Amino acid sequence: MRLSRYFLPVLKEDPSEASIASHRLMLRAGMIKQAAAGIYSWLPLGFKVLKRIEQIVHEEQQRAGHIPMLMPTLQSADLWRESGRYDDYGDEMLRIKDRHGRDMLYGPTNEELITDIFRAHVNSYKDLPLTLYHIQWKFRDEVRPRFGVMRGREFLMKDGYNFDLTKEDALHAYNRHLVSYIRSYERMGLQAIPMRADSGPIGGDDTHEFLVLAETGESEVFYDSAVTDIRLGARDIDYDDVAQCRGVMEEFTALYARTDETHDETVFAQVPQDRRRSARGIEVGQIFYFGTKYSDPMGASVVGPDGTRTPVHMGSHGIGVSRLLGAIIEANHDERGIIWPEGVTPFHVGIVNLKQGDDQADAACDMLYSALVAKGLEPLYDDREERAGGKFATMDLIGLPWRITVGPRGLKTGVVELTSRRTGESVEMTPEAAVARLAEIYAQTQG
Ligand code: ATP
Ligand code: MG
């Protein structure tokens, strides 16, 4: 993309309504614009990152064997009356009447709708196990929408639902979700720690929240510092391997890590004192096993191997896709702007032309651009007639992890400069070497 043809409405001044870094930087970098309280338009740069995050979530869910679909945002109240949640959910649910006076709602989550789909089409245990998921907008009329996309009213969530014959199978689905979530977060350059949590209005027995440690997080968390040393890394996972998935789940959840809702001082006291931590965290996902809570009242059952009908064991599993942008920025920024991890960056590299209009510099930038595209990379080429300082400031603000600077002086000896946004380190090299280096770096971030 050429910046002169793009739509990147960056702000020079800090917006007064933003109290935390990610909100401020998303507004300043021209990623979002508030449409109403807690409701945002996604401007091109923000939209691009949102799509990259979605893509990682899709890839990792499908790798785990979970099946993508799409359910609507508007739902009929009748289904929610069946589960009893129409009245329970409270003021967070946006209730709407259609022209015929029928009660509708903007879905805050989808357990009822998915259970209805399941009971209409699945009858036999032979069709299990089954996990369906979608990535769809949700609406929750939060009392205090704030921090930009971190606590919106309209927000994008991946929600998945497993249907299993037995509790044992459903717990395997739970573990598959835990593993696939950690993989997804790691690909986004994030550490999100699974913590024992409280099940809240969704209800359930087993649940973990995934928390990114950050001072601006809304959750209070308590953990054994050794938990922050655990990584999934590049190990091979076989999602059909029950023992392996359970093993990973146990590895990640054995040490003390809880939100304030389930925090227990006596258990915490057993953690060696120098490893006891209390901190703030951002919840970027949650997994639940809730057994037959919905399948029972809603009649979602299958005929089992013995010919008798039993309600299915279910769980639901969510990732806060739009909130993740905020969480990633909270964990990756400095005083000049965002620093995108390679896995989610909107463009792979910025090209800064120090002397727009200079034949040689322009030609070198064009060649670089084509060579990068030929390697499957997406460059953002700042081809505006602007001072170098302004171009650097924009690149630093929008946080592309790599920048190639092209100027007449370097070109005299056949070199350009490759700069890391994170370390600030610059290396001179030929344009070909810079392209090869970037191709190599990004090959490593592929799932
Ligand atoms: P919270 O405790 O932050 O209100 P929740 O526990 O009610 O969230 P879940 O039902 O677990 O939310 O939804 C799954 C994920 O969706 C959460 O882990 C979070 O990342 C995201 N999410 C929930 N509410 C919001 C919101 N208002 N804005 C943005 N993302 C949200
Ligand atoms: Mg939650």
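## Phe-147 and other backbone exceptions

Phe-147 counts as buried because its relative accessibility is 14%, where buried means under 20% relative accessible area, exposed over 50% and partly exposed in between (1.4 Å probe, protein chains only). Phe-147 is not a glycine, yet it has a positive phi of about 60°. Its place is the loop between β7 and β8 (154–164); helices (H or I, at least four residues) and strands (E, at least two) are DSSP runs, numbered from the N terminus. Most residues other than glycine have a negative phi, and most peptide bonds are trans.

The peptide bond from Leu-128 to Pro-129 is cis, with omega near 0°. Pro-129 lies in the loop between α5 (111–121) and β7 (130–139).

## Basis of the values

This is a predicted model, in which local features need pLDDT of at least 70 and side-chain atom pairs count only at pLDDT 80 or more, while totals for chains, interfaces and linings use all residues. Residues are numbered from 1 along each chain as its sequence is written, chains are lettered from A and ligands numbered from 1 in the order in which they are written, and side-chain values use heavy atoms, with hydrogens and water left out.

## Strand β13 and its partners

Strand β13 (residues 276–291) is joined to strand β10 (residues 206–213) by 8 bridges, and the two run antiparallel; strands pair if DSSP finds at least two bridges between them. Thr-207 has Phe-288 of β13 as its bridge partner. Phe-288 also stands opposite Ser-316 in β16, and β13 pairs with strand β16 (residues 313–320) in the antiparallel sense over 6 bridges.

Strand β11 (residues 219–224) likewise runs antiparallel to β13, with 6 bridges between them. Here Tyr-223 has Arg-277 as its bridge partner in β13.

## Helix α10

Helix α10 (residues 321–331) is mostly covered, with 10 of its 11 residues buried. Among them are Arg-323 and Glu-330, as well as Leu-324, Leu-325, Ile-328 and Ile-329.

Strand β19 (residues 349–353) and β20 run parallel and are joined by 4 bridges, with Val-349 opposite Pro-379 in β20. Between these strands the chain passes through helix α11 (residues 359–374), and the β-α-β crossover is right-handed: with the strands pointing away from the viewer, the path from the first strand over the helix to the second runs clockwise. In β20 (residues 379–382), Pro-379 and Tyr-381 point one way and Leu-380 and Asp-382 the other, and all are buried. In a regular strand the side chains alternate between the two faces of the sheet.

In helix α12 (residues 388–398) the buried residues include Gly-390, Lys-391, Met-395 and Ile-398. The buried residues of α12 pack against α1 (21–28), α2 (44–63), β18 (337–338), β19, β20 and β21 (402–406). Just after α12, Gly-399 takes a positive phi of about 80°.

## Domain interface

The chain is divided into domain 1 (3–337) and domain 2 (347–443), with bounds from an automatic or database domain assignment. Their C-alpha centres lie 37 Å apart. Contact (heavy atoms within 4.5 Å) involves 15 residues of domain 1 and 14 residues of domain 2.

About 1300 Å² is buried between the domains, 58% of it from carbon and sulfur atoms; buried area is the accessible area (1.4 Å probe) that two parts lose on being put together, summed over both. In domain 1, Leu-3, Arg-52 and Arg-336 lose the most area to domain 2, together 40% of what that side buries. The interface has 4 salt bridges, each a side-chain nitrogen of Lys or Arg within 4 Å of a carboxyl oxygen of Asp or Glu. Lys-48 forms a salt bridge with Glu-378, with the closest N and O atoms 2.6 Å apart.
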